[in-house]
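Please read this briefing alongside the sequence and the three-dimensional view.

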Amino acid sequence: MLYSQFGLTTLKEIPAEAELLSHQLMLRAGLIRRLSSGLFTWMPLGLRVLRKVEAIVREEMNRAGALELLMPAVQPAELWQESGRWEEYGPLLLRMSDRAGREFCFGPTHEEVITDIARRELRSYKQLPLNWYQVQTKFRDEIRPRFGVMRAREFIMKDAYSFDIDAAGLDVSYQKMHAAYTRIFERLELKFRVVDADSGEIGGSRSQEFHVLADSGEDAIAYSDADNYAANVETAATFPARGERPAATAEMQKVSTPGARTMADLCKFLSVDVEKTLKTLIVEGTEGPIALILRGDHELNTVKAQKMPGVASPLTMSDHATIRSVTGCEPGFAGPIGIEIPVYFDHATANMADFVIGANEADMHYTGVNFGRDIPNSETVDLRNVVAGDPAPGGSGTLSIARGIEVGHIFQLGTKYSKTFGATVLNKEGKKQALEMGCYGIGITRIVAASIEQNHDDNGIIWPDPLTPFDVVLIPINMHRSGDLRTAAEALYQELTEAGLDVLFDDRNARPGVQFADAELIGIPHRLVISDRGLAAGELEYRHRRDTESRNLKREEALALLTGSGVK
């Protein structure tokens, strides 16, 4: 491809609206252009990368025995009303009406449609197992689209749906998809982890997420290299404290703490470590408010908390009026002593002694508080997010925390949708049996951004070979001043192309510095520079995008390197 005919425009300055590095580089390198909030056009360079992701995904899905179909992006409201998700999905669902007043939505996902297909097409267990997949445009009306294609409103997803006669068959289909996803991300040359996750709005009994590791990731992942354990922080479990509780060494006292509403203010005022404090959170319950007690430095896990008996779901913090009615004071000074509502203590509180709690009185706290003496001993529960250093669930090693970008999610749906839709087949006994379903998604567009987050430097993108839009960028220096150089460069371009390499030939009449800067920004792995001086010496200048220095190679050596390097 001739650069002059490719219509590629790069940007020197960082666009003001781009916060995330991948968003900045995708705009600067000309991969995408913004149309509206959360809506992007994929320009020719970006589309080349996107199609490479799609190709690898399709190859591995086909290899796993899945069958590709294509469902409508626009879906009738009655299917979503039948599943109960028309209202449940809330404002994320883009609703519309046709000229006859019939309601539709632009599909954010396709569980309803695929289950409707299954109940129409499948009749017997002999047709199972079956896995249908598609690569389709989705739309979710994000309240705050951000980070470019990482959290756009319109995006491309590969979604697959498996159907089995029983739970054992579903487990086999699920493991096949797990293996296929693992191969996909290995082929994409991305560093990733598979983590246990919450099923969220999709539902089902089990789910796992595939995360590309990157410092900019929105999700926190807890992992242990000792036993390959990994889980989203939302689902990683904590356990009852080990060892004996220290003996009390202080008497409980009520002390004045004027204005100390936050943990930072309290610890500074009393000169205590935050690990020696407890915080009391008042949340809504199904039959009245409930108190959740955590160590001062720990963070409440909302997913865990809303699964506690009596706690309302979704988790809702009580308002000021409710807190006043329960504690008798303004928020910021609540504590477990004297309140007459259900109380849950987190596991990490069990082995604490001589700690500080709110006194349920404005500007007052208790110090020197101890279980058994001042607060009744109580069974503890798992309420918090894990932190680095917590024991790994498998008993081997401790947890570390990393950031990850979710690019894939697999679910065991079971009969959640098939029972609702009446999707049944006749089993071996000739009786109707609800289908066991699995659901498997990969964010095609998000993978491109995640790859950039993981592969870049100060000069631009560094594409892994499987994703690069071109294999080689060929840069002639001042070609427009030398007929011999032009002839040699065009011959080299022809030879590289005939060898099966996808070459971007920078034939622009531009300064070498501009050509080099654009080549690094775009991130093509292999760069060949041809000049009059090199032509006279029979040499080309070669540099891999990850290298810091160039090297001179004989023409034959350069061709052998590229054609034998696994580029093709």
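The protein carries 63 positive and 80 negative side chains, and the centres of these two sets lie 3 Å apart; Lys and Arg count as positive and Asp and Glu as negative, with His and the chain ends not counted. This is a predicted model, in which local features need pLDDT of at least 70 and side-chain atom pairs count only at pLDDT 80 or more, while totals for chains, interfaces and linings use all residues. Residues are numbered from 1 along each chain as its sequence is written, and side-chain values use heavy atoms, leaving out hydrogens and water.

**Overall build**
- The secondary structure comes to 15 helices and 30 strands, which are DSSP runs (helices H or I, at least four residues; strands E, at least two) numbered from the N terminus.
- Along the principal axes, the C-alpha atoms fill a box of roughly 95 × 70 × 50 Å.
- Of the 568 residues in the protein, 53% are buried, meaning under 20% relative accessible area, where exposed is over 50% and partly exposed is in between (1.4 Å probe, protein chains only).

**Isoleucine 165**
- Isoleucine 165 is found in the loop between strand S8 (154-164) and helix H6 (167-187).
- Because its relative accessibility is 21%, isoleucine 165 counts as partly exposed.
- Leaving aside residues up to four places away in sequence, isoleucine 165 touches Tyr125, Leu128, Val425, Asn427, Gln433, Ala434 and Glu436, a contact being heavy atoms within 4.5 Å.
- Valine 74 is 91 residues from isoleucine 165 in sequence, and their C-alpha atoms are 29 Å apart in space.

Definitions and conventions
The place of a charge is taken as NZ of Lys, CZ of Arg, CG of Asp or CD of Glu.
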